[in-house]
Amino acid sequence: MPVKKKQCLINGQEVLSIEDFYNELGRQLHFPPHFGNNLDALWDVLTTDISGPISITWNCSGASRSSMGDTFEKVVTLLKRVGEERKDFLFIIND
């Protein structure tokens with residue numbers, strides 16, 4: 001039986017802070033209760049705690065970028081690095 005891909009859709013018009021991002025990702029991917037709401041914890045959970053395959057699509061990302069500033073770029077960089085680390089992880093960003 002094939003493994004079902006975990007799909008996460010982020011709406012940039014609704015995700016306007018890092019807290020919004022952590023909450024939405026955690027809700028859709030069922031983060032463990034010990035998730036620490038920081039970038040190091042995000043790396044850990046996405047590279048070790050959540051089984052794949054995983055697909056994260058960030059739509060209307062321009063709205064998130066505008067409101068999150070530098071934090072947005074840090075998150076995007078981390079998600080791209082997870083994709084380099086895991087062959088079963090796909091990150092798509094749409095403006």
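A: Start with exposure. A residue is buried under 20% relative accessible area, exposed over 50%, and partly exposed in between (1.4 Å probe, protein chains only). Arg-27 is exposed, at a relative accessible area of 52%. This is a predicted model, where local features need pLDDT of at least 70, side-chain atom pairs count only at pLDDT 80 or more, and totals for chains, interfaces and linings use all residues. Residues are numbered from 1 along each chain as its sequence is written, and side-chain values use heavy atoms, with hydrogens and water left out.

Q: What does Arg-27 form a salt bridge with?

A: First the idea. Side chains of opposite charge can pair when their charged atoms come close. A salt bridge is a side-chain nitrogen of Lys or Arg within 4 Å of a carboxyl oxygen of Asp or Glu. Here Arg-27 pairs with Glu-24, and the closest N and O atoms are 2.5 Å apart. Both residues lie in helix H1, 3 residues apart, about one turn of the helix.

Q: How many salt bridges does a search of the whole structure find?

A: The search finds 4. Arg-86 forms one of them with Asp-88, with the closest N and O atoms 2.8 Å apart. Arg-86 is buried, with a relative accessible area of 11%. Asp-88 is partly exposed, at 29%. Elsewhere, salt bridges with shared partners join Arg-65, Glu-73 and Asp-95 into one network. Glu-73 is partly exposed at 37% relative accessibility. Arg-65 is also partly exposed, at 32%.

Q: How are helices and strands defined?

A: Both are DSSP runs, numbered from the N terminus: helices are H or I with at least four residues, strands are E with at least two. Take H1.

Q: Which residues of H1 are buried?

A: They are Ile-18, Phe-21, Tyr-22, Leu-25, Gly-26, Gln-28 and Leu-29. Next, contact: it means heavy atoms within 4.5 Å. The buried residues of H1 pack against S1, H2, S2, helix H3 (61-68) and H4. Look at Leu-25. Leaving aside neighbours within four places in sequence, Leu-25 is in contact with Cys-8, Ile-10, His-30, Phe-31, Leu-42, Leu-46 and Ile-56.

Q: How many residues does the largest nonpolar core have?

A: A nonpolar core is a set of buried Ala, Val, Leu, Ile, Met, Phe, Trp, Tyr and Cys residues joined through side-chain atoms within 4.5 Å. The largest one here has 28 residues. Those with the most contacts inside it are Phe-21, Leu-25, Leu-42, Leu-46, Ile-56, Trp-58 and Leu-79. At least two core residues come from each of strand S1 (6-11), helix H1 (18-29), helix H2 (39-49), strand S2 (54-59), helix H4 (70-85) and strand S3 (89-93). H4 gives the largest share, 6 residues.

Q: Where does His-30 lie, and is His-30 buried or exposed?

A: His-30 lies in the loop between H1 and H2. His-30 is exposed, with a relative accessible area of 65%. Check the backbone too. Phi of His-30 is near 60°, a positive value in a residue other than glycine. Cys-60 also has a positive phi, of about 50°, and is not a glycine. Cys-60 sits in the loop between S2 and H3.

Q: How many disulfides are there?

A: A disulfide is a pair of cysteine sulfur atoms within 2.5 Å. The count here is 0. For Cys-8, the nearest cysteine sulfur is that of Cys-60, 14 Å away. Cys-8 is buried at 1% relative accessibility. Cys-60 is partly exposed, at 28%.

Q: What joins Gly-52 and Pro-53?

A: Look at the omega angle of the bond. A cis peptide bond joins them, with omega about 0°. Pro-53 is in the loop between H2 and S2.

Q: What does the side chain of Ser-61 make a polar contact with?

A: A polar contact is a pair of N or O atoms within 3.5 Å; within protein, one must be able to donate a hydrogen and the other to accept it, and residues adjacent in sequence count only if both atoms are side-chain atoms. The side chain of Ser-61 reaches the side chain of Asp-95 at 2.9 Å. Ser-61 is in helix H3 and is buried at 0% relative accessibility.
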